[in-house]
4 protein chains.
Amino acid sequence: MITLSYQSGQPIYEQIVEQIKIHVMKGYLKSGDVIPSVRKMALEIGVTPNTVAKAYQELERQKVIVTIPGKGTFIAEKTKVSVDKDKLKKIEGIIKGQLVELKLMGYSCEDAVKLVKKIYENL
Amino acid sequence: MITLSYQSGQPIYEQIVEQIKIHVMKGYLKSGDVIPSVRKMALEIGVTPNTVAKAYQELERQKVIVTIPGKGTFIAEKTKVSVDKDKLKKIEGIIKGQLVELKLMGYSCEDAVKLVKKIYENL
Amino acid sequence: MITLSYQSGQPIYEQIVEQIKIHVMKGYLKSGDVIPSVRKMALEIGVTPNTVAKAYQELERQKVIVTIPGKGTFIAEKTKVSVDKDKLKKIEGIIKGQLVELKLMGYSCEDAVKLVKKIYENL
Amino acid sequence: MITLSYQSGQPIYEQIVEQIKIHVMKGYLKSGDVIPSVRKMALEIGVTPNTVAKAYQELERQKVIVTIPGKGTFIAEKTKVSVDKDKLKKIEGIIKGQLVELKLMGYSCEDAVKLVKKIYENL
DNA sequence: GTGGTCTAGACCACG
DNA sequence: GTGGTCTAGACCACT
């Protein structure tokens, strides 16, 4: 369900968050589906429960999942995500940093766009 | 010359590195130009010399600048940057993370591409 | 594990880097082995954690070790080191300087070669 | 007479010292020959007189040259260089460091020896 | 003046 | 617990 990379530099909990979001986006996980408990998930992917808990907290904060105490954790109903200006700015900043690197590596605008398309379509 | 954001979470030294690279890319800084000494720059932007030194060392490692101890620091001659596979993978990973967020915010592939184009052209 | 010389003039962090590389080469440290945390190592050899951290970062840059923040630092899988032309030139320059000294001390080419062989075999 | 590299990392004054020693070794400069004054040399090679002065001081300390106040600076008579144990150890240490790098780059003992021979013969 | 190195101590995110 | 970053201040070698 989740595959982790310890070398990407990306925090483990973020990788969990991101991949669950992707699963939801792709439709592998739908509203109301149960997701494994913190402990089960921790065992499955070989990390400490702490890390999974942190990921779940973040997902809950983003209203992607809901935990019903005593029952379990479920995928939330789809809600329109409001476009948060601050968040968008942050995203742009991060992308900008990566585009700088690409440009220095000789990537033209078209090259970069092609790369982005490839990644997006693979989402 | 350099503007810092203490809220972005991005390390200061990385911000310095990135902005100098951008200045070079935009042509504001050319081969042979002197850049402020570690101390001067530190005073200007209000950080300790150590932090600036770390940024300069990173830039030197990437062959963007050349420092001659006792003389100063200069913009290096342009050299073709070899495409590092690992680095590219890392960049792709980061972009992927941001695209996920964008998609969740309702961005279509075209929207994302448009955003990327806008950012790239502003480089 | 590490023995430092404060008289050689060689930076502490370089000595750490070099000795860990030697340990890896000699097989005392193998892929996957843990090396002491920055703080532990710092205590052991009596320097500040910062200096050890600098050494570790350099080793990571050279792909000798892999560090997983929050978990620890490990010896990386062996990877073929690509021959860097600039680096080779630098090495030749340094060796040249030492050979000049040796020649002035009366060392013939054979003497020098014998010395090099002795050092290499002791690696 | 002297060619400098600002990128080798080797101090300028050391480069001057080394190259003059090489000239002497090769016989281009013989006992009693005059070498340019500090100022002349500084102009010729484009460094500050300070740097040349430092080099000359070092050469004098090593009895390679002698300055006769009011007359000029001359190549000293050849004197047998006594083998200084401390110095030898230092040289070995430096060579060792470079051999580590070479070994990591895949150089065998023979490769290293070949390199050393090439450099020595070019002295 | 320059950059390079080191110390001492702090805060933070991550697991 | 881990490593990453930053500050404040010091000393050194080099130009």
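This briefing covers chain contacts, DNA surfaces, a sheet and helix packing in the structure above. The model is predicted. Chain D and chain C touch through 35 residues from chain D and 33 residues from chain C. DNA strand F is surrounded by 31 residues, and DNA strand E is surrounded by 30 residues. Chain B and chain C make no contact, and neither do chain A and chain D.

**Layout of chain A**

- Chain A holds five helices and three strands.
- Along the sequence, these elements of chain A follow the pattern α-β-α-α-β-β-α-α.
- A box of roughly 55 × 35 × 25 Å, taken along the principal axes, holds the C-alpha atoms of chain A.

- The contact between chain D and chain C draws 35 residues from chain D and 33 residues from chain C.
- On the side of chain D that touches chain C, helix 1 (12-26), helix 4 (85-104) and helix 5 (109-121) of chain D each give two or more residues.
- Helix 4 of chain D provides the largest share of that side, 15 residues.
- By class, the side of chain D that touches chain C has 19 nonpolar, seven polar and nine charged residues.
- No contact joins chain B and chain C, and their closest C-alpha atoms lie 10 Å apart.
- Chain A and chain D do not touch either, with their nearest C-alpha atoms 22 Å apart.

**Helix 5 of chain C against helix 5 of chain D**

- The axes of these two helices, helix 5 (residues 109-121) of chain C and helix 5 of chain D, come within 10 Å and cross at roughly 150°.
- Angles over 145 degrees count as roughly antiparallel, so helix 5 of chain C is roughly antiparallel to helix 5 of chain D.
- The crossing of helix 5 of chain C and helix 5 of chain D is right-handed.
- Chain C brings C:Cys109, C:Ala112, C:Val113, C:Val116, C:Lys117, C:Tyr120 and C:Glu121 to this contact.
- Chain D brings D:Cys109, D:Ala112, D:Val113, D:Val116, D:Lys117, D:Tyr120 and D:Glu121.
- The contact of helix 5 of chain C with helix 5 of chain D has ten nonpolar, no polar and four charged residues.

**Helix 1 against helix 3 within chain C**

- The axes of helix 1 (residues 12-26) of chain C and helix 3 of chain C come within 8 Å and cross at roughly 45°.
- That angle makes helix 1 of chain C oblique to helix 3 of chain C.
- Helix 1 of chain C passes helix 3 of chain C in a right-handed crossing.
- From helix 1 of chain C, the contact uses C:Ile12, C:Tyr13, C:Ile16, C:Val17 and C:Ile20.
- From helix 3 of chain C, the contact uses C:Thr51, C:Val52, C:Lys54, C:Ala55, C:Glu58 and C:Leu59.
- The residues of this contact divide into eight nonpolar, one polar and two charged.

**The sheet of chain B**

- Three strands of chain B form an open, antiparallel sheet in the order 1-3-2.
- Strand 1 (34-35) and strand 2 (65-68) of chain B are the edge strands, and each pairs on one side only.
- Strand 1 of chain B is joined to strand 3 (residues 72-75) of chain B by two bridges, and the two run antiparallel.
- B:Val34 stands opposite B:Phe74 in strand 3 of chain B.
- Helix 3 of chain B lies across strand 2 and strand 3 of chain B, at about 115° to strand 2 of chain B.

**Surface near DNA strand F**

- Of the 31 residues that surround DNA strand F, the closest are B:Pro11, B:Ile12, B:Gly70, C:Ser37 and D:Ile12.
- Elements that give two or more residues to this surface include helix 1 (12-26) and helix 3 (49-61) of chain B.
- Helix 3 of chain C supplies the largest share, four residues.
- The surface near DNA strand F has 13 nonpolar, 14 polar and four charged residues.

**Surface near DNA strand E**

- Of the 30 residues that surround DNA strand E, the closest are A:Ile12, B:Ser37, C:Pro11, C:Ile12 and C:Gly70.
- Among the elements that each supply at least two residues here are helix 1 (12-26) and helix 3 (49-61) of chain A.
- Helix 3 of chain B gives the most to this surface, with four residues.
- The surface near DNA strand E has 13 nonpolar, 14 polar and three charged residues.

How values were computed
Residues are numbered from 1 along each chain as its sequence is written. Chains are lettered from A and ligands numbered from 1 in the order in which they are written. This is a predicted model: local features need pLDDT of at least 70, side-chain atom pairs count only at pLDDT 80 or more; totals for chains, interfaces and linings use all residues. Two residues are in contact if their C-beta atoms, placed from the backbone, lie within 7 Å. Ala, Val, Leu, Ile, Met, Phe, Trp, Tyr, Cys and Pro count as nonpolar, Asp, Glu, Lys and Arg as charged, and the others, Gly among them, as polar. A residue is near a molecule or strand if its C-beta atom, placed from the backbone, lies within 6 Å of it. Two strands pair if DSSP finds at least two bridges between them. Axes are lines fitted to C-alpha atoms, for helices over the stretch in contact, and angles run from 0 to 180 degrees between N-to-C directions. Angles under 35 degrees count as roughly parallel, over 145 as roughly antiparallel, 65 to 115 as roughly perpendicular and the rest as oblique. A crossing is left-handed if the near helix is turned anticlockwise from the far one by less than a right angle, and right-handed if clockwise.
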